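Hi,

Here is the structure I promised you. Have a look at it first, and my notes follow below.

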Amino acid sequence: MKSLRLFFTISALFLFHPTLILAAQSVILETVGIYNFQDLSKKTEIISIQKSTQRMAVSCSSKGIVDILSITTPSKPHFLHRFRVTDDREISSVAFHPTENIFAVAVIHSDPFSAGSVQIHNADTGELLTTLAAGIHPDSLVFSPNGMYLVVANEGEAYRYAGRYYESPEGSVTHVSFEDDLQNPIVTQIQLQDYTQIEGMLHRSHARTFPRNVIGGNSDEESEVPIKDNTPANTEPEYVAFAPDSSRAFVSLQENNGILVIDMTTATIEKVFGLGMTEHLADNRDDGQVKFNKKLRALREPDGIAVSPDGKFVLTADEGDTDPKASKVLGRKPAGGGRTLSVFDATTGTLVSDTGNQLDQMAHAAGLYPDGRSDNKGSEPESVVGFEIAGDLYAAVALERANAIALVALAEPEHPEVLSVEPVGPEAGSGTQYAPEGLAHYEQDGQHYIYSANEKSGTLTVMQIRTSEQ
């Protein structure tokens with residue numbers, strides 16, 4: 001089956017991009033292992049790797065658990081420790097320090113309108129070393145490459161009825177500096193401003209709504225909460241990625257279609273990028289037929305983001321999280337979610353390129369495209385990692401609804417090419433849900449690996465990037 005799938009993948013690429021057939025044959029993504037987390041059937045979400053010790057931390061959000069694995073043999077992760085870091089509170093993310101024997105977790109408060117926290121734990125014993133203040137509903141947290149900083153994206157994702165209106169806490173960013181003392185870090189809560197007038201971000205004319213569970217409403221149903229501006233209460237920081245020199249952090253504002261740029265030395269917001277829209281042909285009907293022949297005009301709304309190893313580009317996985325009031329993909333209003341990987345200049349925020357409909361097309365060629373999501377957000381690019389092989393830039397993109405990982409060549413950033421799409425599990429094309437969430441790239445002895453934490457199946461998929469010479 002693997003060779004047949006590769007044949008169809010290469011054939012599809014030849015049809016769509018005939019000049020790149022040699023590239024598709026020389027670099028492929030291949031599953032080399034699947035790790036099952038004992039007793040964790042769901043919610044294995046975020047992966048963080050400490051390369052210096054060849055260890056990996058994986059979070060199970062709903063159970064408040066962090067597993068530490070050894071990846072000394074990259075294709076065969078093996079269990080080292082399990083730590084229950086909270087009793088009944090949800091953790092949203094985990095981050096391994098690049099060199100110290102500690103990891104951090106973001107802990108969501110049981111009251112959705114109260115501030116969460118960051119817990120620092122010993123990675124050998126699980127001992128809680130310190131607790132730091134965060135904002136409301138901390139989502140993503142990441143250590144800087146040099147280990148001096150920790151940045152937390154506080155989503156503030158909660159709504160309740162307040163008379164005729166919806167009330168929501170403000171999103172924010174937490175900046176933690178370990179520069180002077182690892183044991184006594186300096187914590188700064190960075191407040192957001194009103195970004196309503198930023199070009200390329202969400203605008204009132206887009207007529208957007210959030211599908212949200214609202215406190216005081218019917219807990220079994222999502223309400224369509226209107227969002228009319230990018231004031232702090234409506235701005236939801238989502239995911240963090242660092243520049244390789246640790247000077248800046250980039251924070252995605254998924255629902256607002258933007259990116260914050262945080263200056264590490266001053267703990268301030270340096271810039272805000274609006275991400276604009278993508279236009280390409282898509283399959284936008286859930287009708288049992290896959291035809292990429294309808295124009296899609298969509299806000300990108302990225303979830304995961306990454307920075308290229310040279311620091312020149314920001315890569316976004318354009319999942320989407322809002323819907324227009326009138327319909328999901330039809331009508332005059334833009335759709336939510338670009339269904340793309342986009343490339344932006346990291347200095348100016350200028351769009352360099354995006355993958356158009358390649359992610360969905362290649363998922364379809366691999367027998368993995370979720371036609372039932374055609375009228376919504378397609379394969380749903382969830383997260384992304386960027387890396388170099390022999391001096392050329394590549395990206396791996398998790399496709400949540402296709403239950404797959406896409407490999408994208410970015411040697412020419414202006415012309416991204418999706419080389420292959422690989423399922424994260426043996427039954428990915430049969431309706432079984434894996435839902436890849438967190439991604440990590442790891443290199444050992446010149447070999448490149450992609451790890452995927454699959455939220456619905458409680459598994460970790462190990463993929464290796466192989467060339468025709470191997």
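In strand β21, G258, L260 and I262 point one way, I259, V261 and D263 point the other way, and all are buried (under 20% relative accessible area with a 1.4 Å probe, protein chains only; exposed is over 50%, partly exposed in between). In a regular strand the side chains alternate between the two faces of the sheet. Because 6 of the 6 residues of β21 (residues 258–263) are buried, the strand is largely enclosed by the rest of the structure. Strands here are DSSP runs of E, at least two residues, numbered from the N terminus.

This is a predicted model: local features need pLDDT of at least 70 and side-chain atom pairs pLDDT 80 or more, while totals for chains, interfaces and linings use all residues. Residues are numbered from 1 along each chain as its sequence is written, and side-chain values use heavy atoms, leaving out hydrogens and water.

β21 has antiparallel partners (pairing takes at least two DSSP bridges):
- Strand β20 (residues 248–253) pairs with it over 6 bridges, with V251 opposite L260.
- Strand β22 (residues 268–274) is also joined to β21 by 6 bridges, and there V272 is the bridge partner of L260.

The β21–β22 hairpin has 4 residues between its strands, and A267 in the turn has a positive phi of about 55 degrees.

Elsewhere, E400 sits in the loop between β32 and β33 (404–409). E400 counts as buried, because its relative accessibility is 12%. Its contacts (heavy atoms within 4.5 Å) beyond four places in sequence include E319, E380, E382 and E455.

Best wishes
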